[in-house]
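These are my notebook entries on one protein structure. I write down what I looked up, one topic at a time.

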Amino acid sequence: MQVTLHQDKCVASGQCVLAAQDVFDQRDEDGLAVLLDDRPPAELHDDVRHAAAVCPALAITLADS
């Protein structure tokens, strides 16, 4: 799985971090999401899919690798 985070779309809701904290974090200064792992291990794929689904700005895109 290839994860792409479009920070220009991010609205700093933090839903991605709640869903997949090993893959996403938030910057302290403005709360925007940060991608920690653009190719997470298979055991995190369900969490990452959930993060993409609950992102209110649709700022996360996923591609099969």
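**Entry 1: L36**

I began with L36, which sits in the loop between β3 (33-35) and α2 (45-54). The model is a predicted one, and I keep that in mind for each entry. I then asked how open L36 is: buried, exposed or in between? L36 has a relative accessible area of 48% and is partly exposed. The class follows because partly exposed covers values between the buried limit of 20% and the exposed limit of 50%.

Next I looked up what L36 touches. With residues up to four places away in sequence left out, L36 touches Q21, D22, V23, F24 and D25. I also took a distance to V3, which is 33 residues apart from L36 along the chain. The C-alpha atoms of L36 and V3 are separated by 9.9 Å.

**Entry 2: H45**

H45 lies in helix α2. Is H45 buried or exposed? It counts as buried, at 15% relative accessibility. I listed the contacts of H45, leaving aside neighbours within four places in sequence, and found M1 and P40.

**Entry 3: salt bridges**

I searched the whole structure for salt bridges and noted 3 of them. I reminded myself of the background: side chains of opposite charge can pair when their charged atoms come close.

I took R49 and D46 to start with. Their closest N and O atoms are 3.3 Å apart, and the two residues form a salt bridge. The pair counts because a salt bridge needs the nitrogen within 4 Å of the carboxyl oxygen. Both R49 and D46 lie in helix α2, 3 residues apart, which is about one turn of the helix. R49 is partly exposed at 40%, while D46 is exposed with 59%.

R27 and D30 form a salt bridge in which the closest N and O atoms are 2.4 Å apart. E29 also forms a salt bridge with R27, and there the closest N and O atoms are 3.6 Å apart.

R27 is partly exposed, with a relative accessible area of 28%. D30 is partly exposed too, at 37%. E29 has 64% relative accessibility and counts as exposed.

**Entry 4: the cavity**

How many cavities of 30 Å³ or more does the structure hold? I found 1. For the largest cavity I noted a volume of about 90 Å³. There are 15 residues lining the largest cavity, and those closest to its centre are C10, S13, C16, A33 and C55. I sorted the lining by type: 10 residues are nonpolar, 5 are polar and none is charged.

**Entry 5: cysteines**

A disulfide is a covalent bond between the sulfur atoms of two cysteines. I counted 0 disulfides in the structure.

From the side of C16, the closest cysteine sulfur is the one in C10. The cut-off for a disulfide is 2.5 Å between the sulfur atoms.

**Entry 6: positive phi angles**

Last, I looked at backbone angles. Most residues other than glycine have a negative phi. I wrote down two residues that depart from this.

A12 is not a glycine, yet its phi is positive, about 60 degrees. A12 is in the loop between β1 (2-5) and α1 (15-19). With 27% relative accessibility, A12 counts as partly exposed.

L58 is not a glycine either, and its phi is positive at about 55 degrees. L58 is in the loop between α2 and β4 (60-63). Its relative accessible area of 58% makes L58 exposed.

Terms used
Residues are numbered from 1 along each chain as its sequence is written. This is a predicted model: local features need pLDDT of at least 70, side-chain atom pairs count only at pLDDT 80 or more; totals for chains, interfaces and linings use all residues. Side-chain values use heavy atoms; hydrogens and water are left out. On a 1 Å grid over the protein atoms alone, a cavity is a set of points where a 1.4 Å probe fits but cannot get out, and a pocket is an open set with protein on both sides within 12 Å along at least five of seven lines; lining residues have an atom within 4 Å of a point. Grid points are joined across faces, edges and corners, and a volume is the space filled by probe spheres set on the points. Ala, Val, Leu, Ile, Met, Phe, Trp, Tyr, Cys and Pro count as nonpolar, Asp, Glu, Lys and Arg as charged, and the others, Gly among them, as polar. Helices (H or I, at least four residues) and strands (E, at least two) are DSSP runs, numbered from the N terminus. Buried means under 20% relative accessible area, exposed over 50%, partly exposed in between (1.4 Å probe, protein chains only). Contact means heavy atoms within 4.5 Å. A salt bridge is a side-chain nitrogen of Lys or Arg within 4 Å of a carboxyl oxygen of Asp or Glu.
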